[in-house]
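This report looks at how two protein chains meet. Start with the structure itself, then read on.

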Protein chains: 2
Amino acid sequence: MSHPASKPSSGSYPKGERRKADIVSVALELFAAQGYERTSMVQVAAACGISRAGLLHHFPTKEELLAAVLEERDRIDDARHFDHLDPGRPLEWLAGLVDLAAFNTTQPELVRLFAVLSAEASSPAHPAHDYFVQRYATTRDDYARTVAELVRQGLLAKGVEPEGLEAELIALTDGLQIQWLLDPSIDMPRLLRRRLQQLLSVRLPD
Amino acid sequence: MSHPASKPSSGSYPKGERRKADIVSVALELFAAQGYERTSMVQVAAACGISRAGLLHHFPTKEELLAAVLEERDRIDDARHFDHLDPGRPLEWLAGLVDLAAFNTTQPELVRLFAVLSAEASSPAHPAHDYFVQRYATTRDDYARTVAELVRQGLLAKGVEPEGLEAELIALTDGLQIQWLLDPSIDMPRLLRRRLQQLLSVRLPD
């Protein structure tokens, strides 16, 4: 999945964190290209040009590195699509979802990584379990807040029931990713926009 | 995912196929309980009470066993939820989707297996890639046929656009499974029924 996150993010790192940020960026590329399970810490260290011991100094376990990678992905998506948005303008937020879906079509490996991990991590023993549980709860809150704002501003189409919409729209986004991964002719942004437009009494901005 | 399959299925096996069917049944349980990657052919053989050589006689590779397990899962779902349905009665078919979603809440490990595999298998190198690509194409055809029948019988609510509905409904089902796996308080059958009911001009049968 890749939905907007609501937590605050900073675009720059304190000086001592620079190396850590480089490692996370390299690990994100490796995980996305070849999968989390098939990527070893030795490979990550080599790709960073540091020793395994040097890597373990920053990330004692692969699980901790994964957590940092997931948070970094959220930060990038948010910075690109949502951080500049005014919470009082829910239509722009919805249009941001369509933008994000369009952007995701440019990075199938990363979309696949998240789709696999979100399913695997539903197992309580998985190292990313807490991350994904928390992420989806937060995401549903964000969507619900947007839906509530649409209701408040009278922007929902007549007869549209707001209850449960947050879960429906998140499911639609996640499910379209699976179909698109298996068949790139599936037009994620168009199908998402189509459903969002049906919910509204006004035109969804481009 | 778990959607109805349209291919014909038989409820009984020819005599010589009995052992193969037993192996598939055992492997399905093991894959669902501990995942495909973490299950070895040696474990499957042991759980079947046969030697590894005996297992390899029936399934020369783990990939072939996986393919058979996926087909068996489809067969079970279809026999339970769809095979008895008349294609001319699309409302019953839609109600069958809700039944299947309700049934799936009783088997989280199997739902997780399918969710992980459908995402992993989107990688062209994955042994189940062709299966999932074909499965989703067939599934979209089935849904599209049901939607066309709803249109023909005048059962779609006013203003509902049939185009793209098949992809939307499959995505909704798949996406709700992810949320439910991560948070069992998410009510898959209710949320699916809610959306299906919105599409209809008549009441969706129980």
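How many residues does the contact take from chain A and from chain B? Chain A gives 39 residues and chain B gives 39 residues. The model is predicted.

## Size of the interface

The size of an interface is often given as the accessible area lost when the parts come together. Here chain A and chain B bury about 3100 Å² between them. Carbon and sulfur atoms hold 57% of that area. On the chain A side, Gln179(A), Leu182(A) and Arg194(A) supply 21% of the area buried against chain B.

## Polar and charged links

Arg194(A) also takes part in a salt bridge. Its side chain meets that of Glu168(B), with 3.5 Å from N to O. Between chain A and chain B the count is eight salt bridges. Over all chains, the structure holds 32 salt bridges.

Polar contacts were counted across the interface as well. There are 15 residue pairs in polar contact between chain A and chain B, both residues being at pLDDT 80 or more.

## Which elements build the chain A side

Four helices of chain A each supply at least two residues of the side that touches chain B: H6 (108-120), H7 (129-152), H8 (165-182) and H9 (188-199). The largest share comes from H8(A), with 13 residues. By residue class, the side of chain A that touches chain B divides into 19 nonpolar, seven polar and 13 charged.

## Symmetry

Two copies of a chain are related by a rotation about an axis and a shift along it. For chain A and chain B, the rotation is 180 degrees and the shift along the axis is 0.0 Å. The superposition gives an RMSD of 0.0 Å. That is why the relation is that of a two-fold axis. The same surface serves both copies, as 100% of the contact residues of chain A recur in chain B.

## Within chain A

One salt bridge inside chain A joins Arg152(A) and Glu149(A), where the closest N and O atoms are 2.8 Å apart. Both residues lie in helix H7 of chain A. They are three residues apart, about one turn of the helix.

An unreviewed UniProt entry places the feature "DNA-binding region" at residues 40-59 of chain A. In the model, this span of chain A is 75% helix and 0% strand. The end C-alpha atoms of residues 40-59 lie 13 Å apart.

Key:
Residues are numbered from 1 along each chain as its sequence is written. Chains are lettered from A and ligands numbered from 1 in the order in which they are written. This is a predicted model: local features need pLDDT of at least 70, side-chain atom pairs count only at pLDDT 80 or more; totals for chains, interfaces and linings use all residues. Side-chain values use heavy atoms; hydrogens and water are left out. Contact means heavy atoms within 4.5 Å. Buried area is the accessible area (1.4 Å probe) that two parts lose on being put together, summed over both. A salt bridge is a side-chain nitrogen of Lys or Arg within 4 Å of a carboxyl oxygen of Asp or Glu. A polar contact is a pair of N or O atoms within 3.5 Å; within protein, one must be able to donate a hydrogen and the other to accept it, and residues adjacent in sequence count only if both atoms are side-chain atoms. Ala, Val, Leu, Ile, Met, Phe, Trp, Tyr, Cys and Pro count as nonpolar, Asp, Glu, Lys and Arg as charged, and the others, Gly among them, as polar. Copies are superposed by least squares on the C-alpha atoms of residues with pLDDT of at least 70 in both. UniProt positions are given in the numbering used here, feature names are shortened, and annotations may be inferred rather than shown by experiment.
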